[in-house]
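Me: I'd like to go through this structure with you before I set anything up. Can you take my questions one at a time?
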Amino acid sequence: MFLLCCISLQTILVSGSSLSDQIVQTPVEMFESLGKTFTISCSHSIQSYDQILWYKQSEGHEMQFLGYMYGTSAFPEKGLNVTMDGNANKGQTSTLTIKGLNVKTRAVYFCAARYHSAAYPCSSVHKPPHIPVQLYYLL
């Protein structure tokens, strides 16, 4: 239930907010061979935001939450082949790494920045859908 609340709110914030301009995700596209490792970086310049959330959107599938960084602590979802590192605070960089690329890892990946607060548990913003990292395979 909590995740659905946040996803819905992100859509509202992005549509009328310039906050999404303050989130930088690199690279924009990546071409990599099967079995290799890839890393995506995300940073933001939004005051007081202290979390980076990572998502994956595979073709024909629902969006999948991969985990998040809170400050310098990583909380990847269990059972996924991902690691997170870095710092989720303003001006810092957080990374998502996926090892052993396979057919199921081909997807669009993106990050979201979030403000953690008991009063506002779902205050977040993410890059618009046309900006996320797209992972392709070299055959």
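Predicted model: local features only at pLDDT ≥ 70, side-chain atom pairs only at ≥ 80, totals over all residues.

Me: ok, what is the mean pLDDT of the chain?
Reply: The chain has a mean pLDDT of 75, and 70% of its residues reach 70 or more.

Me: and which elements have the lowest and highest mean pLDDT?
Reply: Helix α1, residues 2–16, has the lowest mean at 31, whereas strand β7, residues 82–86, has the highest at 96.

Me: switching to β1, which strand do bridges join it to?
Reply: β1 is joined by 4 bridges to strand β3, residues 38–44, and the two run antiparallel; within β3, S43 is the bridge partner of V24.

Me: is V24 on the covered or the uncovered face?
Reply: V24 belongs to the uncovered face of β1 together with T26, while I23 and Q25 make up the covered face.

Me: now A88, where does it lie?
Reply: A88 lies in the loop between β7 and β8, the latter spanning 93–98.

Me: buried or exposed, and why?
Reply: A88 counts as buried because its relative accessible area is 1%, and buried means under 20%.

Me: what is A88 in contact with, away from its sequence neighbours?
Reply: Leaving aside neighbours within four places in sequence, A88 is in contact with H44, Y49, D50, Q51, I52, M69 and G71. As for Y68, 20 residues away along the chain, its C-alpha atom is separated from that of A88 by 8.8 Å.

How values were computed
Residues numbered from 1 in each chain as written. Heavy atoms only, no water. pLDDT = per-residue confidence, 0-100. Buried < 20%, exposed > 50% of the residue type's maximum accessible area, 1.4 Å probe, protein only. Pairing = 2+ DSSP bridges. Contact = heavy atoms within 4.5 Å.
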